[in-house]
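Trainee: I would like to go through this model one question at a time. Please show me the sequence and structure before we start.

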Amino acid sequence: MYGTRVCCECNTLWPFALTGHSQPQGFLKPELLGGEFTHLEFPRRVQPKELGQRMLYRDQNMTGWAYKKIELEDLRFPLVCGEGKKARVMATIGVTRGLGDHNLKVCSSTLPIKPFLSCFPEVNDLTQYEHFPDDVLVLGTDGLWDVTSDCEVAATVDRVLSAYEPNDPSRYTALAQALVLGARGTPRDRGWRLPNNKLGSGDDISVFVIPLGGPGSYS
């Protein structure tokens with residue numbers, strides 16, 4: 001789940017993420033990789049014929065890319081391979097699969113997977129903020145956030161909630177439906193498309209809209 005708190009007080013949209021992406025432990029502790037994987041990231045898989053050549057690379061401490069001379073150890077399999085939904089930690093398991101599988105080993109290896117994944121959630125305290133009637137917490141699966149930005153969600157929150165009376169509880173259901181339908185897109189000749197003609201989300205789209213202001217805050 002990914003959360004965004006949206007404040008619409010005074011017509012000011014204020015979205016911010018409650019959770020973020022975490023680095024796998026292999027980036028923070030390269031010694032756990034057992035010499036089988038590299039914690040460095042390259043634009044593409046390094047080939048043996050490129051030994052001695054210069055290639056762009058980066059690690060978790062860098063804000064951009066730099067050049068390095070390709071060495072033998074750079075031919076190791078990348079810690080995270082693939083992109084988007086196809087990304088896998090150590091070519092074995094999805095990054096989000098942090099629960100269970102305590103005895104799982106890396107494919108064709110005796111290296112354990114569990115030290116590289118965590119099931120401990122990132123916690124954010126919302127009680128430190130003052131909440132208004134139109135403040136909501138949007139919880140959504142990747143199917144929403146893969147194709148919808150925080151600001152786009154905030155704009156939908158403002159548009160839908162303003163079309164209902166403040167005391168109408170059905171407006172939260174309408175908002176969740178609008179977010180799901182917006183991420184799914186509309187059917188066209190070339191599949192489901194968003195208004196910008198990009199592909200709609202093909203992943204599961206689940207959305208919860210939780211009012212933060214509470215009925216007591218309604219006028």
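Trainee: In which loop does Q53 lie?
Mentor: Helices and strands are DSSP runs numbered from the N terminus, with at least four residues of H or I for a helix and at least two of E for a strand. Strand β4 covers residues 54-57. Q53 is placed in the loop between β3 and β4.

Trainee: What pLDDT do side-chain atom pairs need?
Mentor: Residues are numbered from 1 along each chain as its sequence is written, and side-chain values use heavy atoms, leaving out hydrogens and water. This is a predicted model, in which totals for chains, interfaces and linings use all residues, local features need pLDDT of at least 70, and side-chain atom pairs count only at pLDDT 80 or more.

Trainee: Is Q53 buried, partly exposed or exposed?
Mentor: Buried means under 20% relative accessible area and exposed means over 50%, with partly exposed in between, using a 1.4 Å probe and protein chains only. The relative accessibility of Q53 is 42%, so the class for Q53 is partly exposed.

Trainee: How far apart in space are Q53 and I70?
Mentor: Along the sequence, Q53 and I70 are 17 residues apart. In space, C-alpha to C-alpha, the separation of Q53 and I70 is 5.6 Å.

Trainee: Is K68 buried or exposed?
Mentor: K68 is found in strand β5, which covers residues 66-69. In sequence K68 is 13 residues from M55, and their C-alpha atoms are 5.7 Å apart. The relative accessibility of K68 is 15%, so K68 counts as buried.

Trainee: How many aromatic pairs does a search of the whole structure find?
Mentor: Rings of Phe, Tyr and Trp (its six-membered ring) pair if their centres lie within 6.5 Å, and planes under 30 degrees apart are stacked, those over 60 edge-to-face and the rest tilted. With that rule applied to the whole structure, the number of aromatic pairs is 1.

Trainee: How are the rings of F37 and F77 arranged?
Mentor: The ring centres of F37 and F77 are 6.2 Å apart. The planes stand at 85°, so the arrangement is edge-to-face.

Trainee: How many residues apart in sequence are the parts that F37 and F77 tie together?
Mentor: F37 belongs to strand β3, residues 37-38, and F77 belongs to strand β6, residues 77-78. The pair therefore ties together parts whose separation in sequence is 40 residues.

Trainee: How far apart are the C-alpha atoms of R88 and P78?
Mentor: R88 sits in strand β8, residues 88-89. R88 is partly exposed, at 32% relative accessibility. R88 and P78 are 10 residues apart along the chain, and their C-alpha atoms are separated by 9.8 Å.

Trainee: How many residues of strand β9 are buried?
Mentor: Strand β9 covers residues 136-140. The strand is largely enclosed by the rest of the structure, because among its 5 residues the number buried is 4.

Trainee: How far apart in space are P166 and D134?
Mentor: P166 is in the loop between α3 and α4. At 32% relative accessibility, P166 is partly exposed. P166 and D134 are 32 residues apart in sequence, and from C-alpha to C-alpha they are separated by 7.8 Å.

Trainee: What is the phi of N197?
Mentor: N197 is found in the loop between β11, residues 191-193, and β12. The relative accessible area of N197 is 39%, so N197 is partly exposed. N197 is not a glycine, and yet its phi is positive, at about 75°.
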